[in-house]
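Biologist: Please show me the structure, and let us then discuss it by question and answer.

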Amino acid sequence: LKHTSRILLKTVIERKKKIINFIFLLLTLFVVFSYKHEVSTVVLRNIQTFIYPGMRFWRKATVPIIANYPALSEYYDESCLLTNPYFQVENLNCDPCADVANVLDFTGLDPGVAVHYPYIFHTQKDAVDLATLQALYERHRAVFAKDAYKLQSTDGAIRNLDDMFRVFANVSGRTSAGGGSGSTSPESHTVWRCNRMEPARLLRRLFPRPARLPATGVSLERYLLIDTPQAPLYSIPDAECANMFVIQGSGSRTFLLRPTQECRHRCRTLSVRLPPHYGLIYNWWYWRPVSLPEYAAKVPSISYVGSYC
């Protein structure tokens, strides 16, 4: 009986301890959430002196890892490692796209006039075809091989820039010969991404900044979308800033601007054909475009995509 009483007493004490600990945890959480600004200020004030030494220690600790896996260094320039495909903005104001019915040509409009809906405009005099792009690549092969080698293609034969120019040389030769018989390359879509300073500076020689774009605030991240004449539809990649621009270097594509999930109930889908030398400006808060092939297109398409804040 005495032994049973001790076990019962011990069980009661243990339960009381758990209850007290639980109440203490609830009180702590209540205080933290009630005075979160004061708590964060106190925490930051006390750990401020440990931030830089901690980062220095972390940098030295990762040196052996980077030495063994140098490919990891390419993530230094990434602003986002993993996007959230389910991201949505609550209560997004859809007024800027609600009354837009067409994509207008604003070539003659003063570049200083602010426009908040999609439009196209004549942007540059010189076309940028594959031969021009390949010549730039050959002159600065070392720069592009080091800082802009990322390439994604729907064609399994295209694994790097040399493969791309070789395959598209066959495509250009086939189209100029009138589409003769024999082995042909499949219709493909290739994305060449650049997010470093030196290759971006070289690409600006072919695609100078249009006067409609601000002198500052243009994002470093650029995309070159290189398509065969009848490449299937694909989505335009999102960039760092919401204000997007697409410059058509050669060939032509049709862009279908679909309203975002948040604004589908108020905004309509727009369509515009983008011929060579023309640019398209839109905002990805309201539209997410897809690129469609031109029915009568005979030459490859090169689209230059960037953004500005």
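Modeller: Seven bridges join strand 8 (residues 253-259) to strand 11 (residues 287-293), and the two run antiparallel. Strands are DSSP runs (E, at least two residues) and helices likewise (H or I, at least four), numbered from the N terminus. This is a predicted model, in which local features need pLDDT of at least 70, side-chain atom pairs count only at pLDDT 80 or more, and totals for chains, interfaces and linings use all residues. Residues are numbered from 1 along each chain as its sequence is written, and side-chain values use heavy atoms, without hydrogens and water.

Biologist: Which residue in strand 11 is the bridge partner of phenylalanine 255?

Modeller: Strand 8 covers residues 253-259 and is joined to strand 11 by bridges. In strand 11, the partner of phenylalanine 255 is serine 291.

Biologist: Which strands stand at the edges of the sheet?

Modeller: Two strands pair if DSSP finds at least two bridges between them. Four strands form an open, antiparallel sheet in the order 6-11-8-9. Each edge strand has a single partner, so one side of it is left without a neighbour in the sheet; these are strand 6 (234-235) and strand 9 (270-274).
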